[in-house]
Amino acid sequence: MDKVFILGGLRSFIGVRNSAYRHVPAEHLGAAVLKELTARYQPSKIDMIICGNCVGGGGNITRLMALEAGLPESIPSVTVDLQCASSLEAVITAAARIQSGLADLVIAGGFESSSTQPLRSYNPNRPYISSHTYTTAKFIPGPHREDVMLQGAEKTICHYHISPGEMDAWVLESHRRVYEAAREGLLDSITVPVYGLDHDEGIRPRLNQRLLDRLPCVLKDGRYLNAANACTMNDGAAFLLLCSEPYLKKHQLSAPFRLANACTVGADPLMSPASVLPAVRGLLERSGLSMNDIGSFECNEAFAAIDVLINRAYPDKASRYNQLGGALAYGHPYGASGAIILLHLMKSMELSESSRGICCAAAAGGIGSAILLEQ
C-alpha cells in the first residue's frame with residue numbers, strides 16, 4: 001500500500017443506553033466530538049468525512065452530523081453501514097481514497113446512539129413478515145429474527161465447544177483492564193467529555209465470579225449467553241484524521257502511525273463472531289507477516305466467545321490482546337466501535353512500544369474486517 005498516515009483521533013466517553021446521552025441524537029453526539037477534533041488538530045483542508053452509523057434514521061447522517069458541527073458545507077460526507085465493522089470500513093475506505101490520489105486528508109470514524117434510535121417498520125406490501133415493526137436490521141435470508149446476532153453467537157459457542165469458564169475469565173479480565181486503564185488515565189489523551197459525561201459508564205470494577213454465576217441466559221432456549229459475556233447497547237462517537245505523505249510534507253507535520261494494510265472477508269453469516277479469524281489470517285497473508293511480528297492486538301469484544309477464539313488461535317498474545325480492556329466493559333456503540341478500538345490500538349502500541357498492531361471486528365451477516373498499523 002502507498003503510505004497513509006494517521007495524525008491522531010478522539011472519542012467520546014461511552015454511554016450506556018438510556019443513560020447520560022439518552023436525549024442526545026447521534027448526529028449531535030458525533031458533532032460535539034468532531035468539533036473537538038478539528039479544534040485540536042486544525043486541519044487545513046478536509047477533503048471528505050466518512051463515518052459509520054448503524055441504527056440511525058437512515059439517509060446520509062454523516063452529512064447531517066458535519067453540518068451540525070458547523071463544518072463548511074463544501075466538505076462532502078459519506079455514511080457507511082457495515083454494522084459492528086462500520087467505522088473500520090470507513091477508515092479503510094478513507095485510506096483507499098488517499099492511496100488513489102482522490103484525497104489528501106479525510107476524517108473517518110463513526111457515531112451511534114442506541115438511546116435515540118428510531119423505531120422501524122416494514123411496508124405492509126412486503127410479503128412473509130410476521131411483524132411489521134422491528135429494531136434490528138435483517139442480516140441473513142429467511143425470516144426476520146430480532147435475535148439473529150445472539151443466536152449466531154450461541155451457535156458459535158456450541159460449534160467451537162466454548163465453555164462458560166473460558167468466557168467468564170475474559171469477562172472479568174476485560175473489566176479489570178478497563179478499570180485499571182481508567183484509574184491510571186491511560187486514555188486521557190484520546191477521550192473528550194461531551195454533554196457532561198466524563199467517564200465510560202459501563203465499567204464495573206466490582207464484577208466477580210459469584211455475580212456471573214447468577215446471570216440468566218438472555219435467549220429463551222439458549223444455554224450460554226448472558227448479560228456479561230455479550231456486549232451492551234451503547235452511545236458514542238470516535239474519529240481519526242488520515243492523510244497522505246504529501247500532506248505531511250506540505251504542512252511540515254509528523255504522524256505517529258501508518259495504516260499499512262487492511263483486509264475484509266466474508267464468512268459464515270450464522271456464526272459471525274468467528275469471522276475475525278479469517279480476517280486476521282488474510283491480513284497477515286496480504287502483509288507477508290506472521291503473528292510473531294505483531295506487538296499489539298485489538299478486537300471488538302462484542303462477545304466473550306470472540307476472545308476465546310482469538311486466544312485459542314494466538315495464545316502467546318494474551319497479554320498484548322485488548323490491553324486496555326474491551327467492549328464487554330466499555331460497551332459497543334455499533335457504528336463507532338471500529339474507530340474506538342483503532343484508537344485503543346494506537347494507545348496500546350504507544351504504551352508497549354510495539355512497531356506493529358492489528359485491530360479487527362466481526363460484523364453482522366458474517367463479515368470480518370482487520371487493519372494493520374505500523375508505528
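**Close-up views of a cavity and a strand**

**View 1. The lining of the largest cavity.** The residues that line the largest cavity divide into five nonpolar, six polar and two charged, where Ala, Val, Leu, Ile, Met, Phe, Trp, Tyr, Cys and Pro count as nonpolar, Asp, Glu, Lys and Arg as charged, and the others, Gly among them, as polar. This is a predicted model, in which local features need pLDDT of at least 70 and side-chain atom pairs count only at pLDDT 80 or more, while totals for chains, interfaces and linings use all residues. Residues are numbered from 1 along each chain as its sequence is written, and side-chain values use heavy atoms, with hydrogens and water left out. A cavity is a set of points, on a 1 Å grid over the protein atoms alone, where a 1.4 Å probe fits but cannot get out, and lining residues have an atom within 4 Å of a point. The largest cavity holds about 70 Å³ of space, a volume being the space filled by probe spheres set on the points. Of its 13 lining residues, the closest to the centre are Asn-300, Ala-327, Gly-331, Ile-340 and Ile-341.

View 2. Strands pair if DSSP finds at least two bridges between them, and β11 (residues 296-299) pairs with β12 in the parallel sense over four bridges.

How values were computed
Helices (H or I, at least four residues) and strands (E, at least two) are DSSP runs, numbered from the N terminus. On a 1 Å grid over the protein atoms alone, a cavity is a set of points where a 1.4 Å probe fits but cannot get out, and a pocket is an open set with protein on both sides within 12 Å along at least five of seven lines; lining residues have an atom within 4 Å of a point.
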